[in-house]
Amino acid sequence: MDRDFATTANTLSEALPYMQRYAGAVVVVKFGGNAMGDDEAMADFARDIVLMKQVGIHPVVVHGGGPMINDLLGRLGIESRFVRGKRVTTKEAVQVVEMVLSGLVNKRIVQAINDAGGRAVGISGKDDDMMVCEADDPELGFVGRPIEMNIQIIRDLYQAGLIPVIAPVATGMADNETFNVNGDTAAGAIAGALKADRLLLLTDVAGVKDASGEVVTQMNPEQMRQMIADGTIAGGMIPKTETALTALDEGVRAVVILDGRVPHAALLELFTEQGAGSLIRSSEPRLKPHGLRQGGSGL
């Protein structure tokens, strides 16, 4: 027998308890970073999402699109500024943000998933008033903080066998008001409203690193807050960790910050013992006999 085929069969067999564990689970995946601009990486991501759906998981994709937004704003001569890792969005810029996120980026991901054999539908936080925001900070302009979530449309889609792909653009309390929402923030709010089993934040780093530069594979919220307080977690990682903490408070079972540059990172995290990033959860898993049978949370 060909050794490669035998290895593949063995890998599938070893993944069985993890597939059983996650059958019927809602997994919110924040997709962003450099992988979005690479056709091969996009295709790999799409196949991974389709595989999740095929084995009974309900994946919900939330995406960013920062590099594409920067590119178009630059070509249009509109300045890009950032405060504490978040984009300052003027009224002029928010129109460009919506065009890029809800149009170009969203439909590219939808098409990639459909090309991989899935059934994806692209929406934004405006659809069915799914995400209603108010201004997060006067310094940030039209950057929104979710204050109301209406997520029945997401449930309707995944229960119908579809894969929701969500652009982080939201409506405001006033008529015809549009807000740009940080992709991580949007993913956390959606995961929290869904009480998701997992929130996977794909990023361009290996995970949360300790003071010596080593990736911390598992931590609890208290440890994470201490790392923020002492400056170990800083810069662009702060919004992701804040999202993780908020999502856990709102009922998400666990959050994983993982390296989206690693091929099949989401599958490694869900279907292998090793995982692929930094897992944050509030409590130790409940262990059941015979590993992970019957939805046990040995992960």
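Trainee: On what terms are the values to be read?
Mentor: Residues are numbered from 1 along each chain as its sequence is written, and side-chain values use heavy atoms, with hydrogens and water left out. In this predicted model, local features need pLDDT of at least 70 and side-chain atom pairs count only at pLDDT 80 or more, while totals for chains, interfaces and linings use all residues.

Trainee: In the open sheet of 8 strands, what is the strand order?
Mentor: Helices (H or I, at least four residues) and strands (E, at least two) are DSSP runs numbered from the N terminus. Two strands pair if DSSP finds at least two bridges between them. The edge strands, each pairing on one side only, are S5 (120-124) and S12 (218-219). With mixed pairing, the order is S5-S8-S2-S1-S11-S13-S14-S12.

Trainee: How many bridges join S1 to S2?
Mentor: Strands of a sheet pair through backbone hydrogen bonds, either parallel or antiparallel. Val27 stands opposite Pro59 in S2. S1 and S2 run parallel, and the number of bridges that join them is 6.

Trainee: Which residue in S11 is the bridge partner of Val28?
Mentor: S1 (residues 26-31) and S11 (residues 198-203) pair in the parallel sense over 4 bridges. In S11, the partner of Val28 is Leu199.

Trainee: Which residue in S8 is the bridge partner of Val61?
Mentor: S2 is mostly covered, with 5 of its 6 residues buried; buried means under 20% relative accessible area, exposed over 50%, and partly exposed in between (1.4 Å probe, protein chains only). S2 and S8 run parallel and are joined by 2 bridges. The partner of Val61 in S8 is Val165.

Trainee: At about what angle to S2 does helix H2 run?
Mentor: H2 (residues 39-54) lies across S1, S2 (58-63), S8 (163-167) and S11. Contact means heavy atoms within 4.5 Å. Axes are lines fitted to C-alpha atoms, for helices over the stretch in contact, and angles run from 0 to 180 degrees between N-to-C directions. The angle of H2 to S2 is about 150°.

Trainee: In the open sheet formed by 4 strands, what is the average twist from one strand to the next?
Mentor: The order is S7-S6-S9-S10, with mixed pairing. S7 (144-149) and S10 (178-180) are the edge strands. From one strand to the next, the twist averages 50°.

Trainee: Which residue in S9 is the bridge partner of Cys133?
Mentor: S6 and S9 (residues 169-172) run parallel and are joined by 2 bridges. In S9, Cys133 has as its partner Gly172.

Trainee: At about what angle to S7 does helix H6 run?
Mentor: H4 lies across S9 and S10, at about 70° to S10. H6 (residues 183-194), in turn, lies across S6 and S7. Its angle to S7 is about 15°.

Trainee: Is Gly65 buried or exposed?
Mentor: Gly65 is placed in the loop between S2 and helix H3 (66-75). Leaving aside neighbours within four places in sequence, Gly65 is in contact with Met36, Val100, Leu101 and Val105. Because its relative accessible area is 6%, Gly65 counts as buried.

Trainee: What is the relative accessible area of Thr89?
Mentor: Thr89 is found in the loop between S4 (86-88) and H4 (91-115). Beyond neighbours within four places in sequence, its contacts include Leu140, Phe142 and Asn180. Thr89 is buried because its relative accessible area is 1%.

Trainee: Near what value is phi of Asp128?
Mentor: Asp128 lies in the loop between S5 and S6 (131-135), and is exposed, with a relative accessible area of 54%. Its phi is positive, in a residue other than glycine, and is near 55°.

Trainee: Which element gives the most to the lining of the second largest pocket?
Mentor: On a 1 Å grid over the protein atoms alone, a pocket is an open set of points where a 1.4 Å probe fits, with protein on both sides within 12 Å along at least five of seven lines, and lining residues have an atom within 4 Å of a point. The second largest pocket is lined by 19 residues, of which Thr11, Leu12, Leu51, Leu267 and Phe271 lie nearest its centre. The elements that give two or more residues to this lining are H1 (3-22), H2 and H9 (265-271). With 8 residues, the element that gives the most is H1.
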